[in-house]
Amino acid sequence: MNMKKLAIALILSGLSVHTLKAGEPKQFNETVTAADSAIGQRQASVTAADSAIGQRPPKADSVTFNQLLGELAAYPVEGIVAPPVPMPDKTTQSAGKAAERYWITVFASDNHERTKLLEAGMDIVEIKSGKVSGFASKRTLDALSEKGFVVESKITMAQYVQQFGKDFPAADSVYHNYNETVELLETLAANNSDIASLFSIGKTIEGRDIWCLRINSNAKGEEASSKPGAVYIGNHHAREHLSNEVPLLFAAWLFDHKGDADVKKYINSLDIYVIPMLNPDGVEYDIKTGRYQWQRKNMRVNADKSIGVDLNRNYDSWWCEAGASHSTWSDTYCGAKAFSEPESQAVKNFMEARKNLKTHISYHSYAGTVLYPWGGTEEDVADPKDKQTFINIATEMGRLTGYHPEKSSDMYVASGDSCDWAYAAGKIFAFTIELEGSGFYPGAAAITKAVTNNVKAAVYLLSVTDNPYKTIK
Ligand SMILES: [Zn+2]
């Protein structure tokens, strides 16, 4: 049993866990510095036994936001180990040498060039003045040189881990894996049964349930509601583990603060949904060996035996027209057709069945941006009132998080994403928040600040969900 499991076990048994922590749990409104939330060693890998269905501990008597945040942040700095070199992923194994992956930096001056990189199969991770870094297979590298791109630097995945991977621990035990996420959702729903319920919006390609926590003062489960709705979704992309923690802990925060006047008002007047982990198959694959796999896509076995479809290129909004790839081995593979994947189909069904939805955040990592439509075209949204509403809400969420608000396609044009579709199909004011961080595996140090600031932005979104247009003065 590692420290986290021990801490959870103690919480569940009602004992104080203070002796395990570096300090008292942070208050939400305290200033939290990076030094406060030190990275610690994750001692054990996630084993099959840890994640076996049917071995969930009994429901907690109580679990609070501060307990959760304290637990995530309270790891001592000692014995940090470099993560092992990632195992060759299934794509690499099946597609052979051609699918070998690299971390590359390429010269690309604007969003047009970045879009071309995506189309060549590059997985863009970082954008800095005139250059773009990210993952690329050997085939993508060949495609880039054919298109005349200049690759400034290229290292193998093993070298990448050596160079950049030293900050994060060997296993993923600080973060919530799928079963821990489900346990926490069950606990939160059980402890707040007056206002909370839990239901599955569908199953993944490997058959896991995609869980949705609903917060509504008078409607439960899949019952219809005419109250204005907000939905928060995390983990379209598997390796973006912080994007599960943020909506998950936001839900815990709402329950802790359900007696506050403003939160009480939102809970009574709105229909709130939290789907923290849309791609649990990919998440579990990414962490199950205790060695990160840099998995982005879902776990669809494609016709050529390569693995995965990019769920955030699979929605029916300019599907696969720009910034996405028809190549199965690409990290931005858009799938055989729009909504070919059960995970994106589940979101479609969920949103189409709830015409009361007004606002939405889809969490990703990492860029530190608040993005609004369109992402699939460089056009602005046509309705000037909607456009201004998007800008105003993104600007305020940017202020609260410290992130940069911008039109999604200003970063790069990427078609088939969930937010474009949600706005086009349902007139939902849909935002992609690219969380902060310097990598996909930022360790425990990233969690406290990201969660704290994003809770503020998520609460702000609730405050405008009754009528997003009220942000126009
Ligand atoms: Zn993402």
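In which helix is the place of T401? The model examined here is predicted, so that local features are reported at pLDDT of at least 70 and side-chain atom pairs at pLDDT 80 or more, whereas totals for chains, interfaces and linings use all residues. Residues are numbered from 1 along each chain as its sequence is written.

T401 lies in helix α12, which spans residues 384-401; helices (H or I, at least four residues) and strands (E, at least two) are DSSP runs numbered from the N terminus. T401 counts as buried because 25 C-beta neighbours are found inside 10 Å, the classes being buried at 20 or more other C-beta atoms within 10 Å, exposed at 12 or fewer, and partly exposed in between, with C-beta atoms placed from the backbone. Leaving aside residues up to four places away in sequence, T401 touches V370, N453, N454 and A457, a contact being a pair of C-beta atoms, placed from the backbone, within 7 Å. T401 and V455 are 54 residues apart in sequence, and their C-alpha atoms are 8.9 Å apart in space. D386 is also placed in helix α12, but counts as partly exposed because it has 19 C-beta neighbours inside 10 Å.

The axes of helix α7 (residues 178-191) and helix α8 (residues 242-256) come within 11 Å and cross at roughly 15 degrees, where axes are lines fitted to C-alpha atoms, for helices over the stretch in contact, and angles run from 0 to 180 degrees between N-to-C directions. This makes α7 roughly parallel to α8, since angles under 35 degrees count as roughly parallel, over 145 as roughly antiparallel, 65 to 115 as roughly perpendicular and the rest as oblique. The contact is made by T181, L184 and L188 of α7 together with N244, L248, A251, A252 and F255 of α8.

An open sheet is formed by 4 strands in the order β2-β3-β1-β4, with antiparallel pairing; two strands pair if DSSP finds at least two bridges between them. Because β2 (123-128) and β4 (151-156) stand at the edges with a single partner strand each, one side of each is left without a neighbour in the sheet. β2 pairs with strand β3 (residues 131-137) in the antiparallel sense over 5 bridges, and V132 in β3 is the bridge partner of I127. Helix α4 (residues 111-119) lies across β1 (101-107), β2 and β3, running at about 155 degrees to β2, while helix α5 (residues 138-146) lies across β1, β3 and β4 at about 130 degrees to β3.

How values were computed: Two residues are in contact if their C-beta atoms, placed from the backbone, lie within 7 Å.
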